[in-house]
Amino acid sequence: MDFNLPGEDDPRRIAVRRWFEANPSPSYKQLAEQGYTAANWPRPWGLDAEPELQFIIDTEIERTGMTHPTKVNGIATNQCGQALLHYGSDAQRERFLPPGLACEEIWCMLFSEPSGGSDLSALKTVARREGDHYVVRGHKIWTSLANHADIGVLVARTDPTAPKHKGLSQFLIDMKSPGVTVRPIQDMTGEDNEYNEVFLDDVRVPADRLVGKEGEGWRIATSQLQTERMMMTQPAAVFGAGPTARELMSGLIETGRIKDPLVRDEAARLYIEGEMFRLLSLRSLSQRMQGRPSGVEGNLGKMMAAPHGQRICDLAKRSQGAAGMIRDPDVLPLPNRSFGRFQDWDYAYWFSPAATLGVGTQEILKNTVAERILGLPREPDPTAQVPFNQINAAPARSAA
Ligand SMILES: Cc1cc2nc3c(=O)[nH]c(=O)nc-3n(C[C@H](O)[C@H](O)[C@H](O)COP(=O)(O)OP(=O)(O)OC[C@H]3O[C@@H](n4cnc5c(N)ncnc54)[C@H](O)[C@@H]3O)c2cc1C
């Protein structure tokens, strides 16, 4: 592993910092136009940046205190926007990427359904071709940001006669289209600003909103999920975001709670784990710097980082003793930098159980690690080769 990350005197850092000095409070549009939002993407969307330059830009964005665009509009600026580079048409890239990267149009991922999320290939939403449109009918659930979204990345079944993985296609739909109804779900944080149900009642989607070819939906979706998991191998409280064990430790020291030997013992363990994740994410960066593709290890990283984040939030609350039972945004002091909505330890605590479910549950990730890293036999799926419309009505379990 190469730890020689670009230092303060690196000419690339000096150039980037100069831009931020000239634009001390840039808008997301300015960041996108400068190529900083997705610097590793090819021009004109990014800067064709090597991972080192991407790293410099990301750390300089962080220095401004602004929330990184990937945390504001992650679906567009990361996994799904990136998929358009490979699978989208020129017209789709022109239409969707500029407002997506500028965070002017928020995107959401319409993958999971009530019958299950783990086995995404068993989804039931149908897109039927009618002339120059598809007519979409179905029901999605757990859709993050759907209540704010302008664009939905939809996976739907276009060929019910094909085996379940093969009859799926992906579309970019306008969330304001007639027939789209979004119903927020209140979760145990007490808020209803994360998950939504989305009802699609004969929504007409122009045929040119199909991403890639008909039947490519599964392949595109799995590559998007892989990218998303890779981003989550980070030493942070929830989904690679929020405070880390370092912030936990400094808060415990500042409040004197570290003096409790049991707290100190747990905090030390978490700190060590956090440093391990920091090194793992640096290793992944180092691999990318050397041009090696990131592989299925993103599944392993996400599988280990999610419970680590849960333990951080748990100790932050528990170290308060009985007071931890009361909702209190000042559970522990946090340094003056933006952790977005996870700035509030209390919110992070109540949200954190979601981290071992979203973007693949622990069991699904374990299956992937077993099959694709350890080379163990694949989990049998008797329905895999059967035409979807002939699979018994009792659906197989599912995966987003
Ligand atoms: C914070 C968060 C954000 C989300 N955002 C989105 C979003 O934006 N868009 C979207 O489409 N979805 C989203 N989801 C949904 C998420 O992808 C699903 O919750 C997830 O894939 C699990 O699906 P499920 O909830 O239907 O559980 P199920 O698939 O029904 O699983 C139930 C249980 O069975 C286990 N299980 C299932 N299959 C197997 C198997 N083969 N082997 C062993 N155990 C198995 C699971 O591990 C789980 O414990 C989000 C979820 C969360 C928590």
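Two strands are taken to pair if DSSP finds at least two bridges between them, and helices (H or I, at least four residues) and strands (E, at least two) are DSSP runs, numbered from the N terminus. In that sense β4 pairs with strand β5 (residues 168–174) in the antiparallel sense, over 7 bridges. The structure is a predicted model, in which local features need pLDDT of at least 70 and side-chain atom pairs count only at pLDDT 80 or more, while totals for chains, interfaces and linings use all residues. Residues are numbered from 1 along each chain as its sequence is written. The chain is divided into domain 1 (1–105), domain 2 (107–214) and domain 3 (233–358), with bounds that come from an automatic or database domain assignment.

**Domains and nonpolar cores**

- The C-alpha centres of domain 2 and domain 3 lie 32 Å apart.
- A nonpolar core is a set of buried Ala, Val, Leu, Ile, Met, Phe, Trp, Tyr and Cys residues joined through C-beta atoms within 7 Å; a residue is buried if 20 or more other C-beta atoms lie within 10 Å of its own, exposed if 12 or fewer, and partly exposed in between, with C-beta atoms placed from the backbone.
- The largest such core has 61 residues, and those with the most contacts inside it are Trp107, Val155 and Phe171.
- This core lies between domain 1 (1–105) and domain 2 (107–214), because both of them give residues to it.
- A second, separate core has 33 residues, including Leu315, Tyr347, Tyr349 and Leu365.
- In soluble globular proteins, nonpolar side chains tend to be buried together.
- Contact here requires that the C-beta atoms of two residues, placed from the backbone, lie within 7 Å; leaving aside its neighbours within four places in sequence, Trp107 is in contact with Asn73, Ile75, Ala76, Cys80, Gly100, Ala149, Ile151 and Val153.

- Strand β4 (residues 151–157) is mostly covered, with 7 of its 7 residues buried.
- β1 and β4 pair in the parallel sense over 4 bridges, and Trp107 has Ile151 as its bridge partner in β4.

**Strand pairing around β7**

- Strand β7 (residues 195–206) pairs with strand β3 (residues 133–140) in the antiparallel sense over 7 bridges, and Gly138 has Leu200 in β7 as its bridge partner.
- Strand β6 (residues 180–185) also pairs with β7 in the antiparallel sense, over 6 bridges, with Thr181 standing opposite Phe199 in β7.

- A residue is near a molecule or strand if its C-beta atom, placed from the backbone, lies within 6 Å of it; 22 residues surround the ligand, and the closest are Phe111, Gly117, Ser118, Gly358 and Thr361.
- The elements that give two or more residues to this shell are β1 (107–110) and α13 (362–373), and the largest share, 3 residues, comes from α13.
- Domain 2 (107–214) and domain 3 (233–358) each give at least three residues to the shell.
- By class, the shell has 9 nonpolar, 10 polar and 3 charged residues, where Ala, Val, Leu, Ile, Met, Phe, Trp, Tyr, Cys and Pro count as nonpolar, Asp, Glu, Lys and Arg as charged, and the others, Gly among them, as polar.

**Individual positions in loops and helices**

- Gly116 lies in the loop between β1 and β2 (126–130), and it is partly exposed, with 18 other C-beta atoms within 10 Å.
- In helix α9 (residues 245–255), Ala245, Glu247, Leu248, Met249, Gly251 and Leu252 are buried, and the helix is followed by Gly256, whose phi is positive, near 80°.
- Val263 has its place in helix α10 (residues 261–289) and counts as partly exposed, with 16 C-beta neighbours inside 10 Å.
- Leaving aside its neighbours within four places in sequence, Val263 is in contact with Leu252, Arg257, Ile258 and Ser319.
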